[in-house]
Each structure stands twice: as C-alpha cells, then as structure tokens.
Amino acid sequence: MIKEADYSLATNSAYRIRSQYGWGDYSTPIEYIIKKTPGVALLPYSHTNNLELCRAKSESGFIQHDFLTNRSIIFYNDLEDFRIVRFTLAHEFGHFVLNHAMDNEITNAEANCFARNLLCPVPLADLLDLQNPDDYSDCFIVSPPAALVAYNFRSNDRYYLNKDMYDSAQEAFEASMMGYYHEPDYSLYYV
C-alpha cells in the first residue's frame with residue numbers, strides 16, 4: 001500500500017509548535033525552539049570529529065536517532081549561508097516532530113511542508129500582504145529558493161491549515177504588531 005504525504009498533519013504541526021513559542025517575531029527562532037524541545041539536540045558539522053563523513057551523508061544536514069539515549073541529534077552544516085541553515089534545521093526538526101522513522105520521498109515532502117509553514121507562516125504573509133518571493137525572503141529570513149517554494153505553495157498551505165489555527169496565529173501577530181506581546185530574549189540560547 002502506497003502512503004501519501006499528510007500535508008494537513010505537517011502544516012498544523014508546524015503551527016502547533018510555533019504557537020508554543022510565540023508569534024511575536026516574524027522570523028521563527030528555529031534554534032531556540034529546537035534547543036527548548038526535549039529529546040532533540042543540535043550538532044553543527046564543525047563540532048564533529050569527521051566533517052567529511054557528515055558531508056558524505058548530506059551536504060546540508062540530517063537527523064539521527066540515538067536508541068541508547070532515546071534522543072535525536074540534528075547534524076547540520078554550519079558553514080552554509082545562515083538562511084539555508086534555518087531551512088535545514090526546520091526540515092530536520094520536522095522529521096523529529098512528525099515521528100518519521102525513515103527518509104524517503106513522502107517523509108521529505110512532509111518535512112518540507114512542515115519547514116516552510118514553520119518558517120513562512122501564511123497568516124503573517126497574508127496580514128503583511130507579502131506580494132512576491134523577495135518579500136518572503138526578506139520578512140522570514142529564508143533563502144530565495146525557500147521563499148519561492150513558500151510563495152508558490154501558499155494556497156496549498158492555507159488549504160491544509162486549520163481555520164482556528166489560522167485565525168489564532170493572525171490574532172497573535174496583530175497583537176504583537178500593536179505591542180501587546182513581548183518576545184523572550186532568544187539571544188540567550190544561541191551559540
């Protein structure tokens with residue numbers, strides 16, 4: 001039996017995660033979110049003993065589950081452009097959140113959907129009336145290719161997003177824009 005990607009699950013999971021950490025910042029604090037999530041850790045390629053082995057597995061990043069500690073480790077190429085690193089972290093974190101046991105076309109499609117919704121929330125794009133991929137890239141601090149995909153898939157993502165979740169996110173963004181919400185100091189969590 002061929003399983004299809006569950007875009008509704010991936011989309012709404014991204015919004016559930018983002019709502020736990022607040023909507024006050026346009027650019028999702030992905031490192032902060034991952035560091036605050038139990039059961040997952042970050043490891044930059046430059047902090048490993050074998051940079052070439054990591055790059056052989058993936059140029060950008062990958063997730064590996066350690067069954068001895070029952071933790072997942074997201075390895076990522078910290079030498080890439082920070083906007084690419086942000087998407088890589090969100091994508092690999094999507095595999096963790098969605099409990100993917102293997103890496104294949106379906107799980108990668110779900111992880112991509114999760115990442116673009118976590119990093120480029122449609123309710124904020126609608127609220128700010130973002131008109132093109134450049135607007136997405138500037139607002140959400142993602143690479144031009146990631147911005148183009150998020151922009152092109154915005155109708156699909158809007159379709160899969162639960163209406164209550166959409167409304168809640170948009171209300172939280174509006175409250176933040178009017179100064180009713182104060183973001184935590186994320187700088188304490190960045191290396």
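This is a predicted model: local features need pLDDT of at least 70, side-chain atom pairs count only at pLDDT 80 or more; totals for chains, interfaces and linings use all residues.
Residues are numbered from 1 along each chain as its sequence is written, and side-chain values use heavy atoms, with hydrogens and water left out.

For the extent of α10 I recorded residues 163–177, that is 15 residues, with 21 Å from the first C-alpha to the last, close to the 21 Å expected at 1.5 Å a residue; the expected span is 1.5 Å times one less than the number of residues. Helices here are DSSP runs of H or I with at least four residues, strands are runs of E with at least two, and both are numbered from the N terminus.

**Helix pairs**

I next took α1 and α5, whose axes come within 8 Å and cross at roughly 35 degrees; axes are lines fitted to C-alpha atoms, for helices over the stretch in contact, and angles run from 0 to 180 degrees between N-to-C directions. I noted that α1 passes α5 in a right-handed crossing, meaning that the near helix is turned clockwise from the far one by less than a right angle, anticlockwise being left-handed. The residues of this contact divide into nine nonpolar, three polar and two charged, where Ala, Val, Leu, Ile, Met, Phe, Trp, Tyr, Cys and Pro count as nonpolar, Asp, Glu, Lys and Arg as charged, and the others, Gly among them, as polar.

For α7 (residues 133–140) and α8 (residues 144–152) I found axes that come within 8 Å and cross at roughly 115 degrees, and this crossing is right-handed too. I listed P133, Y136 and S137 of α7 as meeting P144, A147, L148, A150 and Y151 of α8, a contact with seven nonpolar, one polar and no charged residues.

**Single residues**

I looked up P121 in the loop between α5 and α6, where P121 is buried, with a relative accessible area of 0%. Not counting residues up to four places away in sequence, P121 touches Y15, R18, W23, R116, F140 and F173.

T107 lies in helix α5 (residues 105–119) and, at 7% relative accessibility, counts as buried. Leaving aside neighbours within four places in sequence, I found T107 in contact with H95, H100 and M102.

Last, I checked N70, in the loop between β2 (61–66) and β3 (71–76), which has a positive phi of about 55 degrees although N70 is not a glycine and counts as exposed at 56% relative accessibility. In the loop between α4 (82–97) and α5, N99 has a positive phi near 55 degrees and counts as exposed at 67% relative accessibility.

Conventions. Contact means heavy atoms within 4.5 Å. Buried means under 20% relative accessible area, exposed over 50%, partly exposed in between (1.4 Å probe, protein chains only).
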